[in-house]
Structure formats: C-alpha cells, structure tokens
Amino acid sequence: MKSTVLKAIAVSAVFGFSIQAQASGIDALKKFNNDANGLSGSFSQTVTSKKKTQTSSGTFKILRPGYFRWDYTRPYKQVIVGDSKTVWLYDPELKQVTKKSQAAALGDSPAAILSNRGALEGSYTLKDEGNQGGIDWVRATPKSSNAGYQYIRIGFKGDQLARMQLRDSFGNNTTVSFGSLNNNPNLSASSFRFTPPKGVDVLSN
C-alpha cells in the first residue's frame, strides 16, 4: 500500500484549503483555486481495495505554488516533501529516501492542483454533485486518458474543505478527511527544505 501514498496525496490532497461558503461546490472549489495560498492541519486516509483496507493518519502543510509536506505518523512513519523541484519520499523503517522530479511525479495528478492554479480547468472536467450528508461535492474527471485514476471527488462542509475521495484505474478507493485546519499558516519555502538523514540509501526514480 505504500506505493499508493504519493498518488493519493501530496496527493494528493485538492488537499485541504479552507474557503468561503458558496452556492455550489464548483463555486467553492474555484474560489479555493483562486484564493488559497497555504494550509496546514491533520488528515486521516483510508485506502480500500478488493482485498483489504488500510488506514493511516498524520499532519500536512502546503504552500502555493509548488510546496507540500505530508508526515504520516500511523500506522508507520513516512515523510513526503515537495520543494517545487523534487519530491522526496522518506521511509525511516527502510532507511531509504526516494527522490523524483516534481513535474514528473505530479503530472496531471490531483496533487498538481495544489501547485498550479491553471491545472484545475486545464486538466479536469468539473461536475457539481450536490449536497450529500452535509457536504457539498464536486467530481473532477481528468481529461487525460492516462491519468492513472478515474476521478476525484472534493467535498466542502460550510467554509472548510472536509474530504477528498479518489478512485484509481484499478477500482481502489482512497478517502482523505481533513481536520484542525489553519488557513493562514506562517510558512516559507525553507519550511519544505529536505535533507536526507545520514546513513540512508538515496534512490533516484
């Protein structure tokens, strides 16, 4: 399941900006895309496949354009950092760091929305799915046929982004729920600087 983490987040997360309540989910999403500059908070993530379900949780912070950090704390520790040029994936248990070009790693993935305001309308077809369970939902379907996933659903509750759901090309479902959001965190590019710890293997992917 660790291999799904990057796709689901950094992914992943459309992940997590607070916005003002709007008449529809699409209006809210577009306002987020235009206005959001940074966010921090906690998250819980559930990945469901045909064979099993895995839940993880941690904290995150995002600075637009181009910076993000996801710290997984349960059930295992893992760090994913995007410094605008490189995505770093650090697995303390394996004592291993994997790095990859951020442009190549994100592509047209949901994570691209975090770092590129033009990605939303340029790469997705949006559909308002109304209010379900107190959450206003928007479905974003990738225009690219090789995006690696079928769609993402972005949910807003009141003036806060509450949830994200992603269904990949294999039928696996990822749900990310957000909490303890800070809509104006004091962040700078230096907050996303990553240096591999001594003694770990560094792999380029």
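One definition before anything else: I say a charge sits over a ring if NZ of Lys or CZ of Arg is within 6 Å of the ring centre and within 35 degrees of the ring normal. By that rule, R139 lies over the face of Y151, with 4.0 Å to the ring centre. There's also a lysine case: the charged end of K61 is over the ring of F192, 5.7 Å from the centre.

Now, the caveat. This is a predicted model. The average pLDDT for the protein is 83, and 84% of the residues score at least 70. The stretch to watch is residues 3–22, where pLDDT stays under 50. The model does have 86 contacts for that stretch beyond four places in sequence. Still, where pLDDT is low, the predicted coordinates should not be read in detail.

On to the inside. The largest nonpolar core has 28 residues, and the members touching the most others are L29, F43, F60, F68, W70, I154 and F178. Several elements each supply at least two residues of this core, among them helix 2 (25–35), strand 1 (38–48), strand 2 (53–63) and strand 3 (67–74).

Take F43 and Y72: they're edge-to-face, 5.0 Å centre to centre, with 75° between the planes. F43 is in strand 1 and Y72 in strand 3, so this pair ties together parts that are 29 residues apart in sequence. Both of those residues are buried.

Then there's F60 with W70, which is stacked: 4.8 Å between centres and 15° between the planes. Here strand 2 holds F60 and strand 3 holds W70, 10 residues apart. Buried or exposed, for F60? Buried, because its relative accessible area is 4% and the cut-off is under 20%. W70 is buried as well, at 1% relative accessibility.

Terms used:
Residues numbered from 1 in each chain as written. Predicted model: local features only at pLDDT ≥ 70, side-chain atom pairs only at ≥ 80, totals over all residues. Heavy atoms only, no water. pLDDT = per-residue confidence, 0-100. Contact = heavy atoms within 4.5 Å. Core = buried A, V, L, I, M, F, W, Y, C linked by side-chain atoms within 4.5 Å. Buried < 20%, exposed > 50% of the residue type's maximum accessible area, 1.4 Å probe, protein only. Helix = DSSP H or I, 4+ residues; strand = E, 2+ residues; numbered from the N terminus. Phe/Tyr/Trp six-rings, centres within 6.5 Å; stacked < 30°, edge-to-face > 60°.
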